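Subject: Structure for your files

Hello,

Here is the structure I said I would pass on. My notes follow below it.

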Amino acid sequence: MTRRNVWIAGLSAPLMITLLLFAGLPSVTANDQPTAASTEVKIDNFSFGPETLTVPVGATVTWTNKDDIPHTTVSTDGAFKSKVMDTDEKFSYTFTKPGTYSYFCSVHPKMTGKVVVQ
């Protein structure tokens, strides 16, 4: 082997090893979207927590009444409406369209919340 061949082999071996190592790694692009998540809103002490929630399209939001008093979850635009929930009862809704969904408790109208779907 000539000196030149040894130099080329010495330079190309680390390059090949680096390429092989990176070839097996998963790629992530800016267009990758997270999968739809399930998110919980807790009803307690006459309030929705969190009061404003931001979720992706396709997310399911579950409201759980942790209060000792019955409550409802009713959207102002008629998109969803729960039955009266006693302590530890739940209501879920899956958001299929982007937008801002304001809601309130029909038993206690001063209790309000908002889901922002992006």
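Thr54 counts as partly exposed because its relative accessibility is 47%; buried means under 20% relative accessible area, exposed over 50%, and partly exposed in between (1.4 Å probe, protein chains only). This is a predicted model, in which local features need pLDDT of at least 70 and side-chain atom pairs count only at pLDDT 80 or more, while totals for chains, interfaces and linings use all residues. Residues are numbered from 1 along each chain as its sequence is written, and side-chain values use heavy atoms, with hydrogens and water left out.

Thr54 lies in strand β3; helices (H or I, at least four residues) and strands (E, at least two) are DSSP runs, numbered from the N terminus. Leaving aside neighbours within four places in sequence, Thr54 is in contact (heavy atoms within 4.5 Å) with Val116 and Gln118. The C-alpha atoms of Thr54 and Val115 are 5.8 Å apart, although 61 residues separate the two along the chain.

**The sheet**

An open sheet is formed by four strands in the order β3-β8-β7-β5, with mixed pairing. Its edge strands are β3 and β5 (74-75), each of which pairs on one side only. Two strands count as paired if DSSP finds at least two bridges between them. β3 and β8 pair in the parallel sense over four bridges, and Thr52 stands opposite Lys114 in β8. β7 and β8 pair in the antiparallel sense over six bridges. In β8, Val116 is the bridge partner of Thr100, and Val115 stands opposite Tyr101.

**The core**

Which residues have the most contacts inside the largest nonpolar core? They are Phe48, Val61, Trp63, Phe95 and Val115, in a core of 18 residues. Such a core is a set of buried Ala, Val, Leu, Ile, Met, Phe, Trp, Tyr and Cys residues joined through side-chain atoms within 4.5 Å. Two or more residues each come from β1 (38-44), β3 (52-55), β4 (60-65), β7 (99-104) and β8 (112-117). Beyond its neighbours within four places in sequence, Val61 is in contact with Thr39, Val41, Leu53, Val55, Phe91, Ser92, Tyr93, Phe95 and Val115.

**Asp67**

Asp67 lies in the loop between β4 and β5. The Asp67 side chain does reach the backbone nitrogen of Asn45, at 3.2 Å. Leaving aside neighbours within four places in sequence, Asp67 is in contact with Ile43, Asp44, Asn45, Phe46 and Thr87.

**Backbone points to check**

Most residues other than glycine have a negative phi, and most peptide bonds are trans. Phe46, in the loop between β1 and β2, has a positive phi near 60°. Phe46 is partly exposed, with a relative accessible area of 41%. Asp88 is found in the loop between β5 and β6 (90-94), and its phi is also positive, near 70°. At 48% relative accessibility, Asp88 is partly exposed. A cis peptide bond joins Gly49 and Pro50, with omega about 0°; Pro50 is placed in the loop between β2 (47-49) and β3.

Regards

Note on methods
A polar contact is a pair of N or O atoms within 3.5 Å; within protein, one must be able to donate a hydrogen and the other to accept it, and residues adjacent in sequence count only if both atoms are side-chain atoms.
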